[in-house]
Amino acid sequence: MIVTKSWLNEFVDLDGISNEKLYETFNAIGLEVDSIHEHEIPAKVVVGKILSCEKHPDADKLNVCQVDVGVARRQIVCGAANVVNAEYVAVALIGAKLPGDFEIKFATLRGVESEGMICSSSELGLPETDKGIMVLDKSIGELKVGQELGSYEKVADTVIELELTANRGDCLSIHGVARDLSVALNRELIPFEYQNKNREKIGIARLVDLHTKGHIEADLRYALAVMEQIDTPFLFALRLAMVEIEAAGKLDSFLKYASHATGVVLRAYDANRLKKEDKIKLQIEAEERGIVTVKSDDALLSIVGVNQEERFTAEDTSGLLLFESSYIHPDLLVEAVAKKEYAKDDLYYKTSRGSEPDLNLGMEYLSSLLEESASCRCYEGNLNIASNWEPVNITVDYAEINSLIGQKIESGKVVTILKKLGFGIHSSQNDKIGVLVPRFRHDIKNIQDIAEEIVRIVGINNIDAKPLEIVEKNRQNATLSHYAFKKALRQRATASGMHENISYLFTDRNKLDRYGFDLLAGELDLTNPIAEELNTLRSTILINLLDAVKRNVNYTAKSIGLFEIGAVFDAQRSQKEVLALVFSGQREAESVANSGKPGMIDFASFVKKLGSVIGGIELRECSYQNGLIHPYQSADIYVRGRKCGYISKLHPVAREAYGIYDTFIAEVEMEALYPSHINAEPISKFQGVYKDLSIVIDKELPYRQVAEAIASLELGMLKKWYPVDVYEDENLGEKKSLTVRFFIQSMEGTLQEEDIDSVMSQVMEKLEQSCQAKLR
């Protein structure tokens, strides 16, 4: 985006503001300055008035001009063709030094004396405005013959090129840049005021019929004007050249000048080409979301924001002009146009980035330019189409704003900045305000964007530097803790000599049926299995693991330990996660330590491996039933008092069917294994003692009943107990000897003999009552 200082000055008073201050301010508010160039007109270049112009007597392409330069009349020979009709021009007097170290001296051209030079814009270091010399007019100010041209601020201007981010379409105009600049400099934005003095008495509605079709998501405004003559003012040509905009003609220069000044998208149609029976019929149609077309008698005139049909475009010779200003939301337009292969004109860039939605500003500005600088009369009134626009409403919490900025900004200052930037403030309570986003800031969507606007105006250099503080959000949740637990469980299983197996969620329905596992209801079963032997969802992982054991036995493996964590399904397809383990064959690898003859896996060894994987467990009489469970070597698994699975030697019939070694299996619900929150308990600083108690009980009495009887005492000093020996012989008959080891410790002091005796006495008394135990 390129602006000039004098052009900005029309919208914000820059009196007393240096170029250096502008440079600093633009960079501070996020409008990064890419380049800044101050045009300086050489001394002794003055405004001259051509009094006469005659052909050179000895050169067809030269003219001899008599020029008033204020202090005297000078004869100057000029070769520019457009000097013939020129009145006021730029004259370099004798002694002037032009760019390129070119000094003006007295000269004789083909026998005619020349006392100076009538200059073109490029000869003075200005961008080229036209072919030939500069023809000055009152658009740059009051022309005084003999006055230094460098004293005209609109000519000796400063050109500033800004690098805009993609979201700042609101600054693609002089007015938009001035709006931000006025806030940063704490100066009022100069409102544009215009009163039409040359209106036609006939209203536009008498000549133009406007109709819509569909839901129009665009704003349009139409004006009608009679054009008799049009010429481009020198200031228009100079400024457009400075901002690197090329116009296709005189009328186009007015349109582009007004559009660059206001940011409004402007088009002009040749109304005489649209008239039929002294009427112009306009049809605005919503072709689809984001695509709005302008038609006249079914002929396409333009696609709003995209392009315009050349055959209906107004030209310099057009007598009746239909002007159009338009706005469509850039996000809506870009998304729709991306799906099409439309040709796009220069205005699409502005509409796709976000043009100015104040259509009245653009239309009134253009009308004022035409009436002041051309023979033009506007018809009374305008025709308008307005879309249903609702402003974005953002709740702004002062505390959150200050947190985002990293520094406290007074609430009053926040409100002032936002109001000056065009935001609406509609409510204020409990340190919060409701902010309405102006339509020209389509990029503002949340409180972070609001904070950025405040920082821009306060100035990033005015925000105190602070060390970066990062407060990590607590991201611990059940999913993460379960993942970490399963990872640790896998590591422990691997350390115990087992390998992880990974299998499909599917298995053989016939095997599940054969061994008495749940089967999916027919209407819930797979309709298109991936293989014949994987034709149903598994209700146990053990079938898959035993198939893997069989394959390893076929590969001559002698010790096979496998585990798998995965999902199983019941008859109603409800899912749960389980851990399944299988160990078959030798309980350890062959080595020197076992003379190359390790023993086979047994129940005790497998229980030890299971404990090393999942931690403390309790085994009770088996209540599960299926064809894999051994009737005599099996047990329920309890974890923290909850039954959650079973452990068993593989049933001999199943082992025979698979053709594998002695094998042990276990399957445990993962839900019971996941760690739960444990409250910390105090630890005694006093020494404890271990005491053994040997009792004789019924041979069929399980240890669980003994443990439950002891636990029911709830003795504070009795910290833990566990069996250490079971003995049976003929002398005991139907009884057995059980030795239980107790750990006794006090929280209050060193144990005394009477304390230990009291605990042991209470235990023995309870066992006598509950288990009919006798002291051995």
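Buried means under 20% relative accessible area, exposed over 50%, and partly exposed in between, with a 1.4 Å probe and protein chains only. This is a predicted model, in which local features need pLDDT of at least 70 and side-chain atom pairs count only at pLDDT 80 or more, whereas totals for chains, interfaces and linings use all residues. Residues are numbered from 1 along each chain as its sequence is written, and side-chain values use heavy atoms, with hydrogens and water left out.

**Domains**

Begin by colouring the domains, whose bounds come from an automatic or database domain assignment. That assignment gives domain 1 (2–39 + 159–185), domain 2 (45–156), domain 3 (199–385), domain 4 (396–462), domain 5 (479–672) and domain 6 (689–775). The centres of domain 5 and domain 6, taken over C-alpha atoms, are separated by 35 Å.

**Helices H2 and H3**

Next select residues 19–28, helix H2, and residues 174–184, helix H3; helices (H or I, at least four residues) and strands (E, at least two) are DSSP runs numbered from the N terminus. The axes of H2 and H3 come within 10 Å and cross at roughly 100°, where axes are lines fitted to C-alpha atoms, for helices over the stretch in contact, and angles run from 0 to 180 degrees between N-to-C directions. H2 and H3 are therefore roughly perpendicular to each other, on a scale in which angles under 35 degrees count as roughly parallel, over 145 as roughly antiparallel, 65 to 115 as roughly perpendicular and the rest as oblique.

Show the side chains of Leu22, Thr25 and Phe26 in H2, which meet Val177, Leu181 and Ala184 in H3; contact means heavy atoms within 4.5 Å. By class, the contact of H2 with H3 has five nonpolar, one polar and no charged residues, where Ala, Val, Leu, Ile, Met, Phe, Trp, Tyr, Cys and Pro count as nonpolar, Asp, Glu, Lys and Arg as charged, and the others, Gly among them, as polar.

Stay with H3, which is largely enclosed by the rest of the structure because ten of its eleven residues are buried; among them are His175, Arg179 and Asp180. After H3 comes asparagine 186, whose phi is positive, near 55°.

**Two loop residues with positive phi**

Move to arginine 110, in the loop between strand S9 (107–109) and strand S10 (112–114). Arginine 110 is not a glycine, yet has a positive phi of about 50°, and with a relative accessible area of 52% arginine 110 is exposed.

Then select aspartate 298, in the loop between strand S20 (291–296) and strand S21 (299–303). Aspartate 298, although not a glycine, has a positive phi of about 70°, and its relative accessible area of 74% makes aspartate 298 exposed.

**Helices H11 and H12**

Select residues 411–420, helix H11, together with residues 447–458, helix H12, which pack at an angle of about 95° with their axes 10 Å apart. That angle makes H11 roughly perpendicular to H12. On the H11 side the contact is made by Lys413, Val414, Ile417 and Leu418, and on the H12 side by Ile450, Ile454, Ile457 and Val458. The residues of this contact of H11 with H12 divide into seven nonpolar, no polar and one charged.

**The seven-stranded sheet**

Now display the open sheet formed by seven strands in the order S29-S32-S33-S37-S36-S35-S34, in which the pairing is mixed; two strands pair if DSSP finds at least two bridges between them. Strand S29 (499–500) and strand S34 (618–621) stand at the edges, each with a single partner strand, so one side of each is left without a neighbour in the sheet.

Strand S32 (residues 559–569) and strand S33 (residues 575–585) run antiparallel and are joined by eleven bridges, and the bridge partner of glutamate 564 in S33 is alanine 580.

**Strand S38 and its partners**

Finish with strand S38 (residues 689–698), which pairs with strand S40 (residues 735–744) in the antiparallel sense over ten bridges. The bridge partner of leucine 693 in S40 is valine 740. S38 is also joined by two bridges to strand S41 (residues 774–775), again antiparallel, and there the partner of valine 696 is lysine 774.
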